Amino acid sequence: MSSTLYPTLNVGAALPIPVEMEPHDCDYRSLLEQTPAITYLADHDEDYTLRYMSPQIETLLGYPRSRYLESPDFWMERVHPEDRERVA
């Protein structure tokens, strides 16, 4: 039996992610925000509306996360025009 733990996120939780969280939620948020990866939460709607984007996106990609959260097309505008159809 493996002792590896795999973190999960309950996507059925109330959105957006609340600023005030339970202590165990803060531990999970801390894990997400200290991992050298971009973590995001999006609605499964027509536009895949972003609800959460980890702050390390700015360090890794050079743009503030507010740009991604405020503009639904911001990330697609960063994709090369010849690749857009394939990744959309």
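The structure is a predicted model, in which local features require pLDDT of at least 70, side-chain atom pairs count only at pLDDT 80 or more, and totals for chains, interfaces and linings use all residues. Residues are numbered from 1 along each chain as its sequence is written, and side-chain values use heavy atoms, with hydrogens and water left out.

The protein chain contains five helices and two strands. Their order along the sequence is α-β-β-α-α-α-α. Helices (H or I, at least four residues) and strands (E, at least two) are DSSP runs numbered from the N terminus. The accessible surface of the chain is about 7,300 Å². Carbon and sulfur atoms account for 53% of that surface. Accessible areas were computed by the Shrake-Rupley method with a 1.4 Å probe, and for residues only the protein chains shown count as cover. Of the 88 residues in the chain, 14% are buried. Burial is assigned by relative accessible area: buried is under 20%, exposed is over 50%, and partly exposed lies in between (1.4 Å probe, protein chains only). A contact is defined by heavy atoms within 4.5 Å. Among contacts between residues at least 6 apart in sequence, 15% join residues at least 24 apart.

M53 belongs to strand β2. Its relative accessible area is 5%, so M53 is buried. Not counting residues up to four places away in sequence, M53 touches I38, T39, Y40, R65, Y68 and L69. S54 lies in the loop between β2 and α2 (57-61). The relative accessibility of S54 is 0%, and S54 therefore counts as buried. Leaving aside neighbours within four places in sequence, S54 contacts L32, A37, I38, T39 and R65.

F74 is located in helix α4 (residues 74-78). F74 counts as buried because its relative accessibility is 2%. Residues up to four places away in sequence aside, F74 touches Y63, R67 and Y68. The C-alpha atoms of F74 and Y63, 11 residues apart along the chain, are separated by 9.9 Å.

Charge pairing was considered next. Side chains of opposite charge can pair when their charged atoms come close. A salt bridge requires a side-chain nitrogen of Lys or Arg within 4 Å of a carboxyl oxygen of Asp or Glu. The structure holds three such bridges. R51 and D43 are joined at 2.8 Å, N to O. R51 is partly exposed because its relative accessible area is 35%. D43 has a relative accessible area of 17% and so is buried. In the bridge between R86 and D83, the closest N and O atoms are 3.2 Å apart. R86 has 66% relative accessibility and so counts as exposed. D83, at 28% relative accessible area, is partly exposed. E77 pairs with R78, with the closest N and O atoms 3.8 Å apart. E77 is at 45% relative accessibility and counts as partly exposed. R78 is at 38% and also counts as partly exposed.

Two surface patches were characterised. Patches comprise residues with over 30% relative accessible area and no salt bridge; like charges are joined within 9 Å, and nonpolar side chains (Val, Leu, Ile, Met, Phe, Trp, Tyr) within 5 Å. The negative patch consists of D45, E46, D47 and D73. Asp and Glu count as negative and Lys and Arg as positive; His and the chain ends are not counted. The place of a charge is taken as NZ of Lys, CZ of Arg, CG of Asp or CD of Glu. E46 sits in the loop between β1 (40-42) and β2 (50-53). E46 counts as exposed because its relative accessibility is 77%.

The nonpolar patch is formed by I38, Y40, L60, L61 and Y63. Together these residues contribute about 470 Å² of accessible area. I38 lies in the loop between α1 (23-34) and β1. I38 has a relative accessible area of 32% and is therefore partly exposed.
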